[in-house]
Amino acid sequence: MKHFPLIATLIISLSAIMTANAAKPKAKAKAKKPSATEILQQARTAFDAYEFDKALELIDDFGDDGDLTPEMEHLRQKAEIGSTMLSRVEHIAIIDSITVDRRDFFLNYMLSSPAGYVSSTEELPEGFATDDSTTVYVTESAETMIWSRPTSDGGRQLVESHLLADGTWEQPQSLGEALEGISANYPFLQPDGTTLYFAARGDESLGGYDIFISRNDGDEFLQPQNIGMPYNSPYDDYLLAIDELTGAGWWATDRNRLDGKITIYVFVPQDLRINYAVNDPELTNRAFITSIKSTLDPKRDYSPILKAIEALDSEAAGASSDFVIEIPGRGILTGYDQLKSANSRRTMELRQDCMDEIADLELSLEELRRQYATDKSVATAIKNSEEKLESLRANLRTLTNRIVTLETSR
């Protein structure tokens, strides 16, 4: 039996199949799905650029195929806050900006006497010691202090103390239930005693520290509110102070990411909040503060405010004084002839000697710390200097409180 026709048919069919397969385009290799780490990095980059909706989209798309990591959940929460804030960017006039060292940045806030003042923790009475990661707000009368101290859970709590009739300070007390459980720092109280600004970290913050506001209803401070943009950013923003006498507000931020430096913005506060339009094409730039010039009203003259600040600066720089100390009921004293007794004057001399010794030791300690980078043998000297510095600061507080007591006693 001949099978040739059948074999030929099979060969022809096979050939046709091979030809057809060859004509088909090769399927592209399936794209590799980005890892959680890659998506998190992309979302973080978008978040830092104020592209909050893009960050949310990246995270949500990844979440369709798998559970989100805790880091993604955290960033998603922050991006939702950012997206909401970006829809309500306040239109404020920023009249100046100053780049300063992060350390003791608050010394650059030029505030008039009625606004009170901001100081370091060295201002605190003996026994109220806290860490140096805070500032102390003191009222004009120097009879109330507000500051932040660490809590056992790793957070911070705002506390206050009032000067008693005998010249001592009452034990620090919480500012109220509404402010408990909030990791708060850098307080500033308006002279009316009603409006409190502070910085806080937590679920309601966009960045690290955000600036919040709380108001006292006569009995206690109420639930605080995040004041939004442009004050707050994906980075740290803190210590907002408003001086009603000069008409200037101040706040500090590290959004510009300057090594060892921070930026202080000086702005004009408003009685009524006015926000930029949501569809403003420059909204992101306005929130970040790309240009302070663009925030100004060309028809308004801001020179009176700037001159008022300059006057305070000139007064501080040009004042000739033996010392500076705030005495409750008498204001700031600057000369020995203003002290009431010989005992006060002798104590003041000891106080000034102590301050000089602290300044010298701080310089020496700074040099030792630089030396430690290449010479670990100075470790013991650093430790001894730090212990001595702590002792000197405690002595300074004691001497200061003694002078206040002597000058306020009858």
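Is Tyr50 buried or exposed? Tyr50 counts as buried, at 4% relative accessibility; buried means under 20% relative accessible area, exposed over 50%, and partly exposed in between, with a 1.4 Å probe and protein chains only. This is a predicted model, in which local features need pLDDT of at least 70, side-chain atom pairs count only at pLDDT 80 or more, and totals for chains, interfaces and linings use all residues. Residues are numbered from 1 along each chain as its sequence is written, and side-chain values use heavy atoms, with hydrogens and water left out.

**The chain as a whole**

- The chain has eight helices and 15 strands. Helices (H or I, at least four residues) and strands (E, at least two) are DSSP runs, numbered from the N terminus.
- Of its 410 residues, 41% count as buried.
- Take the contacts between residues at least 6 apart in sequence: 56% of them join residues at least 24 apart. Contact means heavy atoms within 4.5 Å.

**Helix α2 against α3**

- Helix α2 covers residues 36-48 and helix α3 covers residues 52-63. Their axes come within 7 Å and cross at roughly 165°. Axes are lines fitted to C-alpha atoms, for helices over the stretch in contact, and angles run from 0 to 180 degrees between N-to-C directions.
- That angle makes α2 roughly antiparallel to α3. Angles under 35 degrees count as roughly parallel, over 145 as roughly antiparallel, 65 to 115 as roughly perpendicular and the rest as oblique.
- The crossing of α2 and α3 is left-handed: the near helix is turned anticlockwise from the far one by less than a right angle, where clockwise would be right-handed.
- On the α2 side, the contact includes Ala36, Ile39 and Phe47.
- Ala, Val, Leu, Ile, Met, Phe, Trp, Tyr, Cys and Pro count as nonpolar, Asp, Glu, Lys and Arg as charged, and the others, Gly among them, as polar.
- Tyr50 sits in the loop between α2 and α3.

**Helix α2 against α4**

- The axes of α2 and helix α4 (residues 70-86) come within 10 Å and cross at roughly 20°. The two helices are therefore roughly parallel to each other.
- The crossing of α2 and α4 is left-handed.
- From α2, Ala36, Ile39, Leu40, Ala43, Arg44 and Phe47 meet Glu71, Met72, Leu75, Lys78 and Ala79 of α4.
- The residues of this contact of α2 with α4 divide into eight nonpolar, no polar and three charged.

**Nonpolar cores**

- The largest nonpolar core has 40 residues. A nonpolar core is a set of buried Ala, Val, Leu, Ile, Met, Phe, Trp, Tyr and Cys residues joined through side-chain atoms within 4.5 Å.
- Phe105, Tyr109, Leu111, Leu196, Phe198, Tyr238 and Trp250 touch the most other members.
- Elements that each supply at least two residues of this core include β1 (93-101), β8 (195-201), β12 (248-253) and α6 (303-318).
- Apart from it lies another core, of 23 residues, among them Ala46, Phe52, Met72 and Val89.
- Not counting residues up to four places away in sequence, the contacts of Leu196 include Leu158, Phe188, Phe212 and Phe221.

**Loop residues**

- Ser112 lies in the loop between β1 and β2 (117-119). At 2% relative accessibility, Ser112 counts as buried.
- Beyond residues up to four places away in sequence, Ser112 touches Asp243, Leu245 and Leu312.
- Gly218 is in the loop between β9 (210-215) and β10 (225-226). Gly218 is exposed, with a relative accessible area of 63%.
- Gly218 and Gly193 are 25 residues apart in sequence and 9.3 Å apart in space, C-alpha to C-alpha.
- Lys340 lies in the loop between β15 (331-333) and α7 (342-372). Lys340 and Thr408 are 68 residues apart in sequence and 9.5 Å apart in space, C-alpha to C-alpha.

**Backbone exceptions**

- Most residues other than glycine have a negative phi, and most peptide bonds are trans.
- Phi of Tyr50 is near 70°, a positive value.
- Phi of Ala142 is near 60°, also positive. Ala142 lies in the loop between β3 (136-138) and β4 (144-150), and counts as buried at 6% relative accessibility.
- The peptide bond from Met229 to Pro230 is cis, with omega near 10°. Pro230 is in the loop between β10 and β11.
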